[in-house]
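Please look through the structure shown here, and then read the briefing below, which goes from helix packing to the surroundings of the ligand.

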Amino acid sequence: MRILELRSDTFTKPSKEMLETMFSAQVGDDVFEEDFTTKSLEDKAAKMFGYEAGLFCASGTMTNQIAINVHVNQGDEVICDRLSHVYLYEGGGIAANSQASVELLVGDRGRISASQIEENIKADNVHYPISKLVSLENTVNKGGGSIYHFSELERIKMVCLKHNLALHLDGARLFNALVETEESPLDHGKIFDSISICLSKGLGTPMGSVLLGTSDFIKKARRVRKRLGGGWRQSGYVAAAGIYALDKNITRLKDDHLKARELGHILKSRPEIIDILPIDTNIVIFKLDPTISSTDYVNQLAQKGILAAPFGKQHVRLVTHLDFSDDDLGEFRKRMKN
Ligand SMILES: Cc1ncc(COP(=O)(O)O)c(C=O)c1O
């Protein structure tokens with residue numbers, strides 16, 4: 001039976017063309033800043049978003065955690081949504097790596113507003129941590145791929161400027177938001193002090209993320225990456241996949257969104273599913289009847305060759321990606337009828 005992989009968009013494997021590009025990459029030692037292909041990827045990503053510089057890292061967790069570490073001092077406060085990847089899924093890294101405090105806000109599917117942020121900035125008083133950084137996520141994984149309205153981002157930027165806060169974006173799936181809204185990377189680059197973009201999710205590379213910011217910020221980030229053991233050598237082989245992905249795999253993300261919506265239509269007819277979050281991009285999160293646990297349901301789906309991820313006790317997540325084909329969608333439809 002063919003396996004329908006819907007656990008995450010991180011499961012994609014590099015295409016033959018992507019692999020060929022990787023094999024022929026021009027490489028050097030990146031710790032010595034002599035890897036031509038890594039530098040090309042960093043410059044290309046920085047230019048796309050209008051930043052001075054970029055830093056290629058092994059993962060999105062690494063780019064986020066490095067950014068937080070550069071933006072805050074020990075005891076400072078990071079303001080973010082309670083569903084944020086930086087808080088929930090990075091191994092307690094904000095505490096462990098940066099010894100920082102966190103103000104968790106309850107947003108709308110992971111999206112916090114400018115007014116919520118402003119209300120929660122701490123007064124200048126010795127009792128409080130110093131609010132230093134706002135960290136947003138776009139799209140929000142745990143919010144079911146929800147997208148920020150650009151006007152809200154502009155309002156958040158104004159609050160940050162007014163209160164001297166840095167603004168970071170976990171843009172693991174930022175390109176999903178951009179293809180859906182048709183907004184420009186350059187406009188988003190003007191909002192944030194730093195952005196982390198992932199190449200290994202919807203864009204389909206085997207690994208890697210790029211952190212973007214000013215030259216001074218990236219110089220500091222490079223030092224933190226080295227301290228974390230993330231300095232690498234002939235990283236150009238992987239960076240080549242990133243360049244390929246930025247050239248070839250962005251506009252096609254729209255297909256993933258259409259397929260995700262189609263999955264939603266199919267799931268609507270299932271009596272055991274009592275709710276489906278709005279499907280804005282490539283993530284589908286649905287809620288089960290309370291008599292069925294998400295792990296049991298995921299096991300039942302696995303029996304049909306459909307791999308899904310439990311997302312809490314009652315929720316299940318499906319994610320579409322470039323290795324989930326039209327044929328796979330047809331198979332999904334057939335198998336969900338039984
Ligand atoms: C929103 C978000 N941010 C960051 C990450 C971390 O990326 P990585 O798995 O490369 O560390 C993920 C991973 O799924 C994610 O979904």
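The axes of helix α3 and helix α10 (residues 215–227) come within 9 Å and cross at roughly 115 degrees, where axes are lines fitted to C-alpha atoms, for helices over the stretch in contact, and angles run from 0 to 180 degrees between N-to-C directions. Helices (H or I, at least four residues) are DSSP runs, numbered from the N terminus. This is a predicted model, in which local features need pLDDT of at least 70 and side-chain atom pairs count only at pLDDT 80 or more, while totals for chains, interfaces and linings use all residues. Residues are numbered from 1 along each chain as its sequence is written.

**Helix α3 with helix α10**
- Ile66, Ala67, Asn69 and Val70 of α3 make the contact with Phe217, Lys220, Ala221, Val224 and Arg225 of α10, two residues being in contact if their C-beta atoms, placed from the backbone, lie within 7 Å.
- By class, this contact of α3 with α10 has six nonpolar, one polar and two charged residues; Ala, Val, Leu, Ile, Met, Phe, Trp, Tyr, Cys and Pro count as nonpolar, Asp, Glu, Lys and Arg as charged, and the others, Gly among them, as polar.

**The ligand**
- The ligand is surrounded by 13 residues, of which the closest are Ser59, Gly60, Thr61, His85 and Ala172; a residue is near a molecule if its C-beta atom, placed from the backbone, lies within 6 Å of it.
- Helix α3 (residues 60–71) gives the most to this shell, with three residues.
- By class, the shell around the ligand holds two nonpolar, nine polar and two charged residues.

**Helix α1**
- Met18, Thr21 and Met22 are buried in helix α1 (residues 16–23), where buried means that 20 or more other C-beta atoms lie within 10 Å of a residue's own, exposed means 12 or fewer, and partly exposed lies in between, with C-beta atoms placed from the backbone.
- The face of α1 turned away from the buried side carries the exposed residues Lys16, Glu17, Glu20 and Phe23, whereas the buried residues of α1 pack against α11 (236–248).

**Gly236 in helix α11**
- Gly236 is found in helix α11 and is buried, because 27 other C-beta atoms lie within 10 Å.
- Gly236 and Glu34 are 202 residues apart in sequence but 9.8 Å apart in space, C-alpha to C-alpha.

Conventions
Helix = DSSP H or I, 4+ residues; strand = E, 2+ residues; numbered from the N terminus.
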